[in-house]
Amino acid sequence: GAIPQSSGSTIHIPAVGTLVPSQIDAHFDALGLSWQSASSESVTRAYKVFAFRAIENANDLANVTRSYKICEAAIRGGGTTGAVDVDPLKVFHEVVKFGRKHSPLKVELGVSIEDLVMGHETSFDFDRQVCGFGGESEEEKASLQIKVTPGMRPGMQFVFDSMGDEKEGMVPSDVMVTLVLEPHARFVVAGDHIATQVHVTLGEAVLGQPMTVLSVEGRKLLIEPPRGSVLAHDSVFRCRGEGLPLSDNPLMRGDLFVKVQVSFPEALSLSSNDVAALRSILGRANVKLPPSGHDSAKTLLPHQTVSKGAVPCDEQEFWESDAGEEETPKMCAQQ
């Protein structure tokens, strides 16, 4: 509802000269200021912020008003005279002269996957418009503290009441801070889970050698394929409990998925004995090939010939080749 113009009661504001320095310092502290660096404009600005927060509580508003009046007098150099009784609500309306609230000031704060897993407290700077002397708009650097705790997610918002842009005759805007995930060199996020890739050589894949990956925190995680198995390209392993902390229970975590990328050599220098040995070993492997539609090409009829002009090409060249009037197919990433 509407804020009354008067509370019907007054509070006593003592003369600044009757207070010891520590008492004056306490009133500046109450407004988040320092006596040594505060100005009349910063005192008024701080009063507006704290008064809006205290408007629903008469005692809180009285304390903010008392600090405002004492700080204002201290900056002017008030002496032993000047004790007054004031109505906190009348002071509020005289200083604020407010109407509707200014539109929110939206700020994005980048967070890393490490921040989401281990938590991080940081301060960040942003620009806001404030009312200077005579009501003129001025740009000011401001700073806020954000505490990112395990279990938070990109897109989560923090709202700082009346800490944003100021405009004469309006309530200062809120600052809305949205967490935005920064790109990571090793990981991607999918819900509660994290995914990464590990590259192995063809030899390591054929031998099914164990692999080591780093967790988000930097711990070494050992992945041991089943004995005698061969690592297939794009095969995936799951490391349970190495993902993001859950939003509803940060003590529990999602999983880390590790996709294996097999790097094939461009060429091999093999002797005839090496080739024979490989054929002997690989020929004993139990491999079931899917039907390709080219099985009948393994046996050539006398009138059939083999093209000798085939050369390796990049996969993208195929999709970019002239396909007549048909639409070029879209490449889709494997899920």
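This is a predicted model: local features need pLDDT of at least 70, side-chain atom pairs count only at pLDDT 80 or more; totals for chains, interfaces and linings use all residues.

User: What is the order of the strands in the open sheet, and what is the pairing like?

Analyst: The sheet has 3 strands in the order β3-β7-β6, and its pairing is mixed. At its edges stand β3 (105-111) and β6 (157-160), and because each has a single partner strand, one side of each is left without a neighbour in the sheet. Neighbouring strands of this sheet are turned by 25° against each other on average, with direction ignored.

User: Switching to β10 and β11, how many bridges join them?

Analyst: There are 4 bridges between β10 and β11, and the two strands run antiparallel. One of the residues involved is T212, whose bridge partner in β11 is L222. The two strands form a hairpin with 5 residues between them, and in this hairpin G218 takes a positive phi near 100°.

User: Which residues of β10 are on the covered face and which on the uncovered one?

Analyst: In β10, which spans residues 211-214, M211 and V213 make up the covered face, whereas T212 and L214 belong to the uncovered one.

User: Okay, and where does D234 lie?

Analyst: D234 is in the loop that runs between β11 (220-223) and β12 (236-239). Although D234 is not a glycine, it has a positive phi of about 75°. Its relative accessible area is 23%, so D234 counts as partly exposed, given that buried would require a value under 20%.

User: Last one: what does the side chain of S34 make a polar contact with?

Analyst: The side chain of S34 contacts the side chain of Q36, with a distance of 3.0 Å for this polar contact. S34 itself has its place in the loop between α1 (21-30) and α2 (40-54), and with a relative accessible area of 31% it is partly exposed.

User: How far is S34 from C71?

Analyst: Their C-alpha atoms are separated by 9.9 Å, while S34 and C71 are 37 residues apart along the chain.

Technical notes:
Residues are numbered from 1 along each chain as its sequence is written. Side-chain values use heavy atoms; hydrogens and water are left out. Buried means under 20% relative accessible area, exposed over 50%, partly exposed in between (1.4 Å probe, protein chains only). A polar contact is a pair of N or O atoms within 3.5 Å; within protein, one must be able to donate a hydrogen and the other to accept it, and residues adjacent in sequence count only if both atoms are side-chain atoms. Two strands pair if DSSP finds at least two bridges between them. Axes are lines fitted to C-alpha atoms, for helices over the stretch in contact, and angles run from 0 to 180 degrees between N-to-C directions.
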